[in-house]
Structures are given as structure tokens and as C-alpha cells.
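Dear colleague,

I am handing over the structure below, and my notes on what was found in it follow directly after. Please read them with the coordinates open.

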Amino acid sequence: MEEFVLNTHNKAEFPPAHTAEHLLNQTMCRMFGCKRSNNTHIERKKSKINFALPDCPTKEQIEQIEHTINQLIQADLPVCYQYIKREDVPIDVPSERLPQQASEWLRLVRIGEYDTCLCIGQHVESTREIGEFKITSTSWNQDSFRIVYRVFPLYPDKYNQ
Ligand SMILES: [Zn+2]
């Protein structure tokens with residue numbers, strides 16, 4: 001069996017909060033046609049993520065974001081992995097932010113059929129482990145929409161290291 005060589009992740013993010021980040025990215029792309037965020041700060045207690053949006057979402061839209069994520073958690077979508085070569089990245093998977101020195105083997109992370117992206121972070125096994133997703137505050141300034149969120153994981157002690 002071939003040995004996969006992957007870049008090391010630059011930080012160990014709390015898996016339930018990081019997996020919620022995947023769902024949030026895909027939900028924002030679908031609702032607003034924006035790009036996935038490249039400005040995130042994911043932690044156990046409080047996570048921040050910024051999206052480039054020309055207008056501030058309405059209160060109803062913000063509620064819809066939160067509701068959609070919680071529905072995806074309830075649906076208990078499995079998180080699956082596939083190792084692929086750099087040249088085999090599917091055309092609909094963003095890869096423009098891959099560093100030049102990215103390893104030849106990359107890892108695709110699929111959450112059910114909802115989201116697929118390249119990632120080497122740590123995730124839960126299925127979305128129900130995220131528990132509950134709550135947007136605690138939002139702000140919009142100069143085309144940047146910030147969401148502050150937290151998760152209430154089903155097994156809070158599972159990911160202690
Ligand atoms: Zn990830």
C-alpha cells in the first residue's frame with residue numbers, strides 16, 4: 001500500500017467547530033453565491049469566520065443560516081475521506097488556495113452529499129456529533145460579513161487531547 005504524505009495542518013481545531021465550519025462555508029456559498037472563507041478563527045468556545053459579501057444579510061437570512069446548519073446536523077450526514085492526486089481534484093472543488101508546496105496527495109472531505117472540499121483538519125465522524133450550532137453575533141463592515149458562532153457538541157469530552 002502506498003504511503004500518503006500530507007501537509008501537516010497548521011493548527012489543531014476543535015473537530016465539532018471545524019466540521020461546522022465546512023457546513024457553514026457551503027451554506028453561505030449556496031445562499032449568497034460567495035466564496036468559502038479564507039479568514040477563520042476556530043476554537044472550542046467561540047469561532048469567528050468572515051465572508052466577502054457586498055450587502056449585510058437580513059435578520060431572516062441569518063436565522064435561515066443557523067436553521068440550515070442545525071438541519072444538516074439533525075440529518076446526521078457522514079464525514080468521508082478520499083485521497084486523490086493533485087491533478088484529480090474535481091473541477092467543482094475550490095483548489096486555488098492550495099499552497100505551492102502542497103503535497104502531491106490531497107485529501108477530499110465529503111459531508112454527505114452536501115459539501116466536498118480539500119482539508120487535512122480534524123472532523124467529527126458524522127454531523128450529529130456537532131450537537132447544536134448557534135450564531136452568537138454577526139457584523140458587517142466594508143464588504144466583510146463576520147459570523148461568530150459556537151457549537152454544543154454531543155460528546156464534549158470525545159475530542160480532548
Ligand atoms: Zn476540515
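In what follows, a residue is called buried when its relative accessible area is under 20%, exposed when it is over 50%, and partly exposed in between. Please also keep in mind that this is a predicted model.

An open sheet of 4 strands, paired antiparallel, has the order β1-β2-β7-β6. Because β1 (39-41) and β6 (133-141) each have a single partner strand, they stand at the edges, and one side of each is left without a neighbour in the sheet. Within the sheet, 6 bridges join β2 (residues 47-52) to the antiparallel β7 (residues 144-151), and Ser 47 has Tyr 149 as its bridge partner in β7. Helix α1 (residues 15-32) lies across β1, β2, β6 and β7, at about 140° to β7, while helix α2 (residues 59-74) packs on the sheet by touching β6 and β7, its direction making about 145° with that of β6.

The whole structure holds 6 salt bridges. Arg 36 counts as buried at 13% relative accessibility, as does Asp 115 at 0%.

In helix α2, Glu 63 and Lys 59 are 4 residues apart, so about one helical turn separates them, and their side chains meet in a salt bridge (3.1 Å, N to O). Lys 59 counts as exposed because its relative accessibility is 57%, whereas Glu 63, at 43%, counts as partly exposed.

Best regards

Notes. Residues numbered from 1 in each chain as written. Predicted model: local features only at pLDDT ≥ 70, side-chain atom pairs only at ≥ 80, totals over all residues. Heavy atoms only, no water. Pairing = 2+ DSSP bridges. Helix = DSSP H or I, 4+ residues; strand = E, 2+ residues; numbered from the N terminus. Contact = heavy atoms within 4.5 Å. Axes fitted to C-alpha atoms, helices over the stretch in contact; angles between N-to-C directions. Salt bridge = Lys/Arg side-chain N within 4 Å of Asp/Glu carboxyl O. Buried < 20%, exposed > 50% of the residue type's maximum accessible area, 1.4 Å probe, protein only.
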